[in-house]
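Here's a quick walk through the fold, starting with its strands and ending with its cores. Keep the 3D view open as you read.

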Amino acid sequence: MYTSVNSQGKSPLFSVAAEVRRAIYNYLIPEQLHLFTYRDDVRLSTCVKQKGDDDPDCVPRNPLAHVSRSISDPEDPIYVQRLRSSWGEHWRCEEAALTRDDINFRTVETGWFDQFVLFRVCKRMSMEIAYIMPEVATFHINDPLTLRVLGSQATSHPLTISAVVDGVQSNLRTLHINLRLPLGTYEQLEDVYTSPDFESAPLGITSSVISALMALPTALTQLRNLQNLRLWLDHSDTESWSMVNERAVITSLFQPLCEQGSNLKIDMDLPKLHPKWETSDRHFTPDSAPPPFPIHRRYRQRIYGMHDQTVKHAPDFPYVAHEAFVIQQHEFPSEDPGEMEMYEAWEREVWKRGGDVELELIGHQLVGDHYLG
Ligand SMILES: [Zn+2]
């Protein structure tokens with residue numbers, strides 16, 4: 001496939017042992033990389049996620065977070081855009097990857113960003129880097145259509161990209177898939193997987209996104225040395241995460257991987273379930289049949305960027321932290337585990353007896369008086 005690559009026999013770099021070059025490359029390859037598609041091209045960018053970027057209240061996303069403003073002041077458009085990021089907690093990485101000016105895209109022959117000068121030295125170095133990189137770096141994928149790259153024919157891409165795809169398929173060790181999809185996408189998947197005609201339904205009737213998601217188990221089998229797979233899921237609507245039928249969608253998508261009996265370690269990061277909506281037949285609840293992989297539950301994003309450039313506070317579960325934040329009559333409750341567990345236990349108890357947390361808080365006015373005493 002790579003017969004056109006110059007061996008660079010006069011280069012001092014290529015006269016040293018391969019192990020030495022490999023050690024040099026290891027110093028230069030970022031630890032975390034995003035693989036994504038842009039205008040139908042496959043691209044890479046460095047992960048620039050910072051500590052705190054997963055803040056449920058999205059404070060780091062707001063450029064005006066520490067500026068004194070009136071409640072009627074318009075929101076910063078950058079803040080709204082970041083809240084809408086389909087890359088979830090990697091919103092900073094999406095911004096870094098996709099908002100670079102077009103000059104960079106046009107001048108980089110192979111489609112890589114400027115920081116990937118390694119791919120612009122010579123083809124032989126590109127080939128070697130492309131093979132070593134998936135072994136030493138964690139790869140992140142944040143959109144369904146890029147998932148198709150995993151199962152694609154390497155030779156169907158331009159030379160450098162085909163080398164990366166080939167390297168990923170033969171050498172990738174750790175893959176993180178982070179998907180923040182519209183709620184409607186999960187509902188479409190649920191419809192497909194729960195349809196009595198599922199086995200016979202042709203994939204051609206579904207959208208390209210649905211097709212790409214349904215092809216994921218097969219695509220992942222192309223990664224012959226994959227050892228660790230982490231899946232981070234959310235939806236981008238203001239309704240509760242619990243509207244998603246976890247058992248229909250997640251089990252259907254990932255059960256085939258678990259049944260392969262391979263050494264692949266899978267773990268999943270999902271939002272906390274809402275006690276009002278969770279059911280054992282639709283969700284992985286603590287008292288129902290366990291999923292085939294460990295699940296970590298997190299606090300979900302509580303603030304959303306709307307199409308009219310406003311922001312909306314829409315806490316899922318628990319609600320009380322948001323309420324205290326909004327009324328600002330008490331200090332914002334810390335999210336230390338003990339305190340948040342108390343909030344959650346109280347809210348669960350309210351929902352269990354048929355109450356409504358929001359109404360009860362309004363009735364008592366003050367979170368602290370009512371709950372914290
Ligand atoms: Zn990132």
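## Strands in parallel

Two strands pair if DSSP finds at least two bridges between them. Strands (E, at least two residues) and helices (H or I, at least four) are DSSP runs, numbered from the N terminus. With that in hand, look at β4, which runs parallel to strand β5 (residues 228-235) and is joined to it by eight bridges.

Leu 229 is bridged to Ile 266 in β6.

## What you're looking at

This is a predicted model: local features need pLDDT of at least 70, side-chain atom pairs count only at pLDDT 80 or more, and totals for chains, interfaces and linings use all residues. Residues are numbered from 1 along each chain as its sequence is written.

The protein's secondary structure comes to 15 helices and nine strands. Call two residues in contact if their C-beta atoms, placed from the backbone, lie within 7 Å. Of the contacts with a separation of 6 or more, 74% are between residues 24 or more positions apart.

## Who is buried?

A residue is buried if 20 or more other C-beta atoms lie within 10 Å of its own, exposed if 12 or fewer, and partly exposed in between, with C-beta atoms placed from the backbone. By that count, 29% of the 373 residues are buried.

Strand β4 (residues 174-181) has six of its eight residues buried, so it is largely enclosed by the rest of the structure. Six of the eight residues of β5 are buried too, so that strand is also largely enclosed by the rest of the structure. Over in helix α5 (residues 123-136), the buried residues include Ser 126, Met 127, Ile 129 and Ala 130.

## The nonpolar cores

A nonpolar core is a set of buried Ala, Val, Leu, Ile, Met, Phe, Trp, Tyr and Cys residues joined through C-beta atoms within 7 Å. The largest has 50 residues, and Leu 35, Phe 139 and Leu 175 are among those with the most contacts inside it. Helix α7 (residues 159-171) gives the largest share of this core, five residues.

Leaving aside neighbours within four places in sequence, Leu 35 is in contact with Leu 44, Phe 139, Ile 141, Thr 146 and Val 149. A second, separate core of eight residues includes Phe 317, Val 320, Val 350 and Leu 361.
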